[in-house]
Amino acid sequence: LAGCSYKLRHQLHPVWQSPLSVPGGRRQSPINITLRDSLHDPHLKPLKIRYDPNTCTQIWNNGYSFLVEFDDSTDKSTLSGGPLLNQYRLCQFHFHWGESNAVGSEHTIDGTLFPAELHLVHWNSSKYKSFEEAVMEGDGLAVVAVFLKIGKRHEGLQKLVDALPAVRHKDSVVEFTSFNPSCLLPTCLDYWTYSGSLTTPPLTESVAWIIKKRPVEVSHDQLAVFRSLLFTSADEEEQKSMVNNFRLQQPLMNRTVRSSFS
Ligand SMILES: CN(C)c1nnc([C@H](N)S(N)(=O)=O)s1
Ligand SMILES: [Zn+2]
């Protein structure tokens, strides 16, 4: 299993679903991004994203979302540039979504919610030897977030949607290969960035968040398949629909959100 989720698999537990606050947390996520308070930083570089579809290995339902995992034993799928000083290795991506199209995203833009949000999770392979080591460091992780909005069918997403029935229950895993998540990125290069945290336990303050300005379109029916997943495993009596798997927003505190665009 890709390191990035194996160890933490056993740390995730339902109590996070309460508005768990991290005592003394000063850079928690998610947040509302206000355009008027974000600052254009002309020194921000373009993001450099290079993903190798051959590193894609499997999809699993961890009882909170579904994760598409990547072989992160080499620097074949990487993120660098933007606000980052180092190279980061892709280890998994997942989504957050709502019970309806009115809610779902973790971040918001001037209070605007989106029906879902994609997170591509990377760890700093220039400085650390594994995800587990990096997740404890202030510069350990970089997560690229992309908002999803309802519109035309997303052809690249369909291969993923077709695989979801096989991981309907918590802890189910299926092989999933030859998928390039670059197809899920908007063409617009603009982004916001701020220093934050994981939005699920261990909630560590180790994430450089990079939020793409433009959403990508998916169809209503494609998103409906996300909602057919279950929080619960096959042997549990009550089957709970996997929806609203987003964290409550956190105070900005003493942070500035920078934009790559004016
Ligand atoms: C173990 N990994 C990679 C993660 N643990 N929590 C994650 C959160 N879902 S998020 N939203 O990426 O901070 S990602
Ligand atoms: Zn996430």
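# Exercises on a predicted model

Lys-213 is buried, with a relative accessible area of 18%. The structure is a predicted model.

## Exercise 1: A buried lysine and its partner

Task: Find which residue forms a salt bridge with Lys-213, and say where the two residues sit.

Solution. 
- Step 1. Classify Lys-213. Buried means under 20% relative accessible area. Lys-213 has 18%, so Lys-213 counts as buried.
- Step 2. Look for the partner. The side chain of Lys-213 meets that of Asp-190 in a salt bridge, at 2.9 Å from N to O.
- Step 3. Lys-213 is in the loop between strand 13 (207-212) and strand 14 (216-218). Asp-190 is in the loop between strand 11 (173-175) and strand 12 (191-196).
- Step 4. Read the separation. The two residues are 23 residues apart, and the pair links distant parts of the chain.

## Exercise 2: Two further salt bridges

Task: State how many salt bridges the structure holds. Then examine the pairs Arg-258 with Asp-41 and Glu-133 with Lys-129.

Solution. 
- Step 1. The structure holds eight salt bridges.
- Step 2. Take Arg-258 and Asp-41. Their side chains meet in a salt bridge of 2.8 Å, N to O.
- Step 3. Arg-258 belongs to strand 15 (residues 258-259), while Asp-41 lies in the loop between strand 2 (39-40) and strand 3 (47-50). These parts are 217 residues apart in sequence, so the pair ties them together.
- Step 4. Check accessibility. Arg-258 has a relative accessible area of 29% and is partly exposed. Asp-41 has 13% and is buried.
- Step 5. Turn to Glu-133 and Lys-129. In this salt bridge the closest N and O atoms are 3.8 Å apart. The cut-off for a salt bridge is within 4 Å, so the pair counts.
- Step 6. Check accessibility again. Glu-133 is partly exposed, at 30%. Lys-129 is exposed, at 73% relative accessibility.

## Exercise 3: The contacts of Arg-247

Task: Decide whether Arg-247 is buried or exposed, and list contacts that its side chain makes.

Solution. 
- Step 1. Locate the residue. Arg-247 is in the loop between helix 4 (220-226) and strand 15.
- Step 2. Classify it. Arg-247 has 6% relative accessibility and counts as buried.
- Step 3. Find a side-chain partner. A polar contact of 2.8 Å joins Arg-247 to the side chain of Gln-28.
- Step 4. Find a backbone partner. The Arg-247 side chain reaches the backbone oxygen of Ser-29 at 2.9 Å.

## Exercise 4: The shell around ligand 1

Task: Describe which residues surround ligand 1, and which strand gives the most to the shell.

Solution. 
- Step 1. Count the shell. Ligand 1 is surrounded by 13 residues. Cys-4, His-94, Leu-198, Thr-199 and Thr-200 are the closest.
- Step 2. Sort them. Six are nonpolar, six are polar and one is charged.
- Step 3. Assign elements. Helix 1 (3-9), strand 7 (88-97) and strand 9 (116-124) each supply at least two residues. Strand 7 gives the most, with three.
- Step 4. Read the polar distances. In each case, a polar side-chain atom lies a given distance from a nitrogen atom of ligand 1: 2.7 Å for Thr-199, 3.2 Å for His-96 and 3.3 Å for His-94.
- Step 5. Judge the cover. Alone, ligand 1 exposes 370 Å², and the protein buries 95% of that.

How values were computed. Residues are numbered from 1 along each chain as its sequence is written. Chains are lettered from A and ligands numbered from 1 in the order in which they are written. This is a predicted model: local features need pLDDT of at least 70, side-chain atom pairs count only at pLDDT 80 or more; totals for chains, interfaces and linings use all residues. Side-chain values use heavy atoms; hydrogens and water are left out. A residue is near a molecule or strand if one of its heavy atoms lies within 4 Å of it. A polar contact is a pair of N or O atoms within 3.5 Å; within protein, one must be able to donate a hydrogen and the other to accept it, and residues adjacent in sequence count only if both atoms are side-chain atoms. Accessible areas come from the Shrake-Rupley method with a 1.4 Å probe; for residues, only the protein chains shown count as cover. Helices (H or I, at least four residues) and strands (E, at least two) are DSSP runs, numbered from the N terminus. Ala, Val, Leu, Ile, Met, Phe, Trp, Tyr, Cys and Pro count as nonpolar, Asp, Glu, Lys and Arg as charged, and the others, Gly among them, as polar. Buried means under 20% relative accessible area, exposed over 50%, partly exposed in between (1.4 Å probe, protein chains only).
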